[in-house]
Amino acid sequence: MDLQSLEIFISIARMGSINKTAHAHFLAQSTVTHRLKQLEKELEMTLFTRTTSGVTLTEEGRAFLPVASSMMEQYQQFIQQNHQIRPLRIVAGKAFVSTQLPRLLGDIVKRTLRLPVIYVLPYLKNRFTLY
């Protein structure tokens with residue numbers, strides 16, 4: 001059981017449609033169906049009743065939904081707590097600090113959408129220490 005399968009299960013339950021879930025997650029419908037079947041096989045239960053108008057949770061699916069939701073919430077809380085801003089420490093020469101560091105910091109900001117905490121220690125033997 002992986003997190004993406006849980007996320008897909010929760011999404012199908014909320015949307016009531018495998019097709020809408022596939023569209024929302026930018027996946028092929030066959031991929032969503034395959035992940036759902038894998039999850040059902042692993043759990044040894046049928047989670048949805050399939051109809052021409054969509055899907056509905058089975059009794060087992062209704063029982064599993066709060067468990068899956070809780071697992072996802074706990075995972076997201078863990079990630080948020082452990083991805084707090086941490087200081088960035090760089091020890092580099094003057095040339096790197098003046099030429100490459102601005103580009104590096106720009107890349108970090110683009111990827112994380114936040115600027116790292118940086119401490120600059122005094123110049124020492126042709127080196128700057130950034131914390």
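Tutor: At 16% relative accessibility, Ser69 counts as buried. Keep in mind that this is a predicted model.

Student: Why does Ser69 count as buried?

Tutor: Buried means under 20% relative accessible area. Ser69 has 16%, so it falls in that class.

Student: Where does Ser69 lie, and which residues is it in contact with, leaving aside neighbours within four places in sequence?

Tutor: Ser69 belongs to helix 4, which covers residues 59-82. With those neighbours set aside, Ser69 touches Ile10 and Arg14.

Student: Let us step back. How many helices and strands does the protein have?

Tutor: There are five helices and five strands. Starting at the N terminus, the order is α-α-α-β-β-α-β-α-β-β.

Student: What share of the residues counts as buried?

Tutor: The protein has 131 residues, and 27% of them count as buried. The accessible surface comes to about 9300 Å². Carbon and sulfur atoms account for 55% of that surface.

Student: What share of the contacts joins residues at least 24 apart?

Tutor: Take contacts between residues at least 6 apart in sequence. Of these, 50% join residues at least 24 apart.

Student: How do I read two packed helices?

Tutor: Two packed helices are described by the angle between their axes and by the distance between those axes. Here, helix 1 (3-15) packs with helix 3 (residues 29-43) at an angle of about 105°. Their axes are 9 Å apart.

Student: Are helix 1 and helix 3 roughly parallel or roughly perpendicular to each other?

Tutor: Angles from 65 to 115 degrees count as roughly perpendicular. Helix 1 and helix 3 are therefore roughly perpendicular to each other.

Student: Which residues make the contact?

Tutor: Helix 1 brings Gln4, Ser5, Ile8, Phe9 and Ile12. Helix 3 brings Val32, Arg35, Leu36 and Leu39.

Student: Where is the place of Met1?

Tutor: Met1 sits in the segment before helix 1. Its relative accessible area is 42%, so Met1 is partly exposed.

Student: Which residues make the nonpolar surface patch of about 240 Å²?

Tutor: Met1, Val67 and Met71 make that patch.

Definitions and conventions: Residues are numbered from 1 along each chain as its sequence is written. This is a predicted model: local features need pLDDT of at least 70, side-chain atom pairs count only at pLDDT 80 or more; totals for chains, interfaces and linings use all residues. Side-chain values use heavy atoms; hydrogens and water are left out. Patches are made of residues with over 30% relative accessible area and no salt bridge: like charges are joined within 9 Å, nonpolar side chains (Val, Leu, Ile, Met, Phe, Trp, Tyr) within 5 Å. Accessible areas come from the Shrake-Rupley method with a 1.4 Å probe; for residues, only the protein chains shown count as cover. A salt bridge is a side-chain nitrogen of Lys or Arg within 4 Å of a carboxyl oxygen of Asp or Glu. Helices (H or I, at least four residues) and strands (E, at least two) are DSSP runs, numbered from the N terminus. Buried means under 20% relative accessible area, exposed over 50%, partly exposed in between (1.4 Å probe, protein chains only). Axes are lines fitted to C-alpha atoms, for helices over the stretch in contact, and angles run from 0 to 180 degrees between N-to-C directions. Angles under 35 degrees count as roughly parallel, over 145 as roughly antiparallel, 65 to 115 as roughly perpendicular and the rest as oblique. Contact means heavy atoms within 4.5 Å.
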